[in-house]
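Take a look at the protein shown here. Then work through the short sections below, one topic at a time.

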Amino acid sequence: MTRDAGSSASAVTGTAPPAGGRFVVGNSWDALDGVWPELPPLVSVIVVHYRQQAELDRTLAALARQSYPADRLEVVVVDDGSPTAPTVPDGVRLIVQEDRGFRLSAARNVGVAASTGSVLCFVDADTSPEPDYVLRLTRLPALAPEAVTVGQRKHADFAGVLGGGGGGGRGGVGGVGEPVPVPVSQPVEVAGPAHELEQPRWLQQAYGWSADLLNADDRSYRHLIGAVTCCTRWFFDEVGGFDESFTSYGGEDWEWAHRAWLAGAVFAHVPGAVAWHDGPDWAGRGAGSGSAGAGSAGAAGAPSEAERTAREAEEARRQAEKNGETLRLADLIAVRGSRGFGVRSRAVDVCVELVAAASPTSAASPTSAASPTSAASPTSAGSPTSAGSPISAGAAFVAVDSVRASVPDVTVVVPDEVAAVFEADGRVFGRSTDAAAAALAGARVVVTVDGPVRVLPPVDAGGSDDARARAAAAAVGLGDDVARDLRSATDAVGVGSLGTIELLGPSGRVLVTVESRRARLRARRWGAGVAFVSHRASVDWLTPVVGEPSVAAYLGGWG
């Protein structure tokens, strides 16, 4: 299944999970520690290649040595239009796509379409797995079909171009200055440690802080590396394929991982599933760090002015390239910390829907504060709401304006009859519009406001990253911070086990429901209230708008 950036994030098919599949609560994959599938699933390894025959040879040799049952493993190599197609051993399927530039996403999608396994492993031609890689990386997806696992990608100088890179001077460059590559026949679990390069510290720290992604949050997509990722075919189809509009290096794996998270993925880092990348990571490929000759000027003395100028130009080029990737992702991933502070993204992070007030008898159920409630209410995620009391233009204005004052970056959906009040605001849509349907379906969080409700000024209007971190931490223990203000509530849902927050006003009526997309989709698959929990909280910063309000008093601050 292919996907372009212009399509809606709501490409989830809604098909039932595979028979025998299990769910976990929130992201708690540790509930399956020590459990192995009774029958190893058929695994398809998709290897993407471009002009790296030597690296491909090493990777295919490593795949041939996997401890996973050979009769349950297939390998598909997709060549992205190399001038000369690669050669592969018998038993490995080769697909060659036309050279139309950098098309890693398209190549991965082609490989998936041509494969037959129920579990998919993505590997790049220059990333060679240790013998237990497939066995370890596929365990969780084989048990829990929403699991997306990432292996530990280490780096080594197999090509021998870095002057002995990290191997304590053991090999790498011959006596005449020529690179001496590590023989393909040498097992990667031996060659890798012998020629190991420095690992990216930021990534190792992220795995440590998150307990191998057990405590993943809305920005943990940054810790999934496409070259060492695994998921089920069912979930890949649920999420949609890699975005084929990415036609330069980087970003396509993070964009897919973010969509997977919104679709209810269970993220897990598997440190025992090790694969070795030939060469340093992106940061280590900068000017002056690549070849053995790059630092030769330093050995003879200070670099010349021309060398310094060339190095600065190369660093600027690389930074501009990286900025292009970051800007692209900022437009597609609207979560705080990834999007701009003032510039709006194309994607919608939080969508608030103002609906006609429900009848009093349906508004106050006896559900206890911590009991699970349905994640698929009649008003959630774009479903038409039941008939209720009409909302006046004045009441709608007070409600929407106070919401936007509290959380300025939200998109709002209002009943069609009051949409004209907000005609000048490009972030407020009438309920029947296509824009409203797309926003409700694709948003990370949907906030349903039951009738006109005024949101009083939040405690922390700045919405700082510290506030986001507190809300995320509180979501694990369902502490008071999850309902401290509207921003905290939208930050907390979808993280840990918390899927939905119901906010009660002074009378005990549910005035606002904050629901994560993750919880809504999990409820469709597994049933309401099992894969995520709901939380109820009485708050003093919400108040119903009763009758016809005085807009002048609201704006003037005296009422």
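## A charge over a ring

The charged end of which residue sits over the ring of F242? R108 is the residue, and its charged end lies 5.1 Å from the centre of that ring. Keep in mind that this model is predicted.

Together with F122, F236 and W256, F242 forms one aromatic cluster. A charge over a ring also turns up at W36. There, the charged end of R139 sits 5.7 Å from the ring centre.

## Aromatic pairs

How many aromatic pairs does a search of the whole structure find? The search gives 10. One of them joins W234 and F235.

Two values describe such a pair. They are the distance of the centres and the angle of the planes. For W234 and F235, the centres are 6.0 Å apart and the planes make an angle of 40°.

## Two positive phi angles

R51 is not a glycine, yet its phi is positive, at about 55°. Find R51 in the loop that runs between β1 (43-49) and α1 (53-64). Is R51 buried or exposed? R51 is exposed, and its relative accessible area is 59%.

Now turn to L213. This residue is also something other than glycine, and its phi is positive, near 75°. L213 belongs to the loop between α5 (201-209) and β7 (228-232). Its relative accessible area is 0%, so L213 counts as buried, for which the cut-off is under 20%.

## How confident is the prediction?

The average pLDDT of the protein is 84. A score of at least 70 is reached by 81% of the residues. Where is confidence highest, and where is it lowest? Helix α3 (residues 133-143) has the highest value, 98. Helix α10 (residues 360-363) has the lowest, with a mean of 44.

Two stretches call for care. In residues 164-175, pLDDT is below 50. In the model, this stretch has 30 contacts beyond near neighbours in sequence. Residues 290-299 stay under 50 in pLDDT. For residues 290-299, the model has 13 contacts beyond four places in sequence.

Methods
Residues are numbered from 1 along each chain as its sequence is written. This is a predicted model: local features need pLDDT of at least 70, side-chain atom pairs count only at pLDDT 80 or more; totals for chains, interfaces and linings use all residues. Side-chain values use heavy atoms; hydrogens and water are left out. Rings of Phe, Tyr and Trp (its six-membered ring) pair if their centres lie within 6.5 Å; planes under 30 degrees apart count as stacked, over 60 as edge-to-face and the rest as tilted. A charge sits over a ring if NZ of Lys or CZ of Arg is within 6 Å of the ring centre and within 35 degrees of the ring normal. Helices (H or I, at least four residues) and strands (E, at least two) are DSSP runs, numbered from the N terminus. Buried means under 20% relative accessible area, exposed over 50%, partly exposed in between (1.4 Å probe, protein chains only). pLDDT is the predictor's confidence in each residue, from 0 to 100. Contact means heavy atoms within 4.5 Å.
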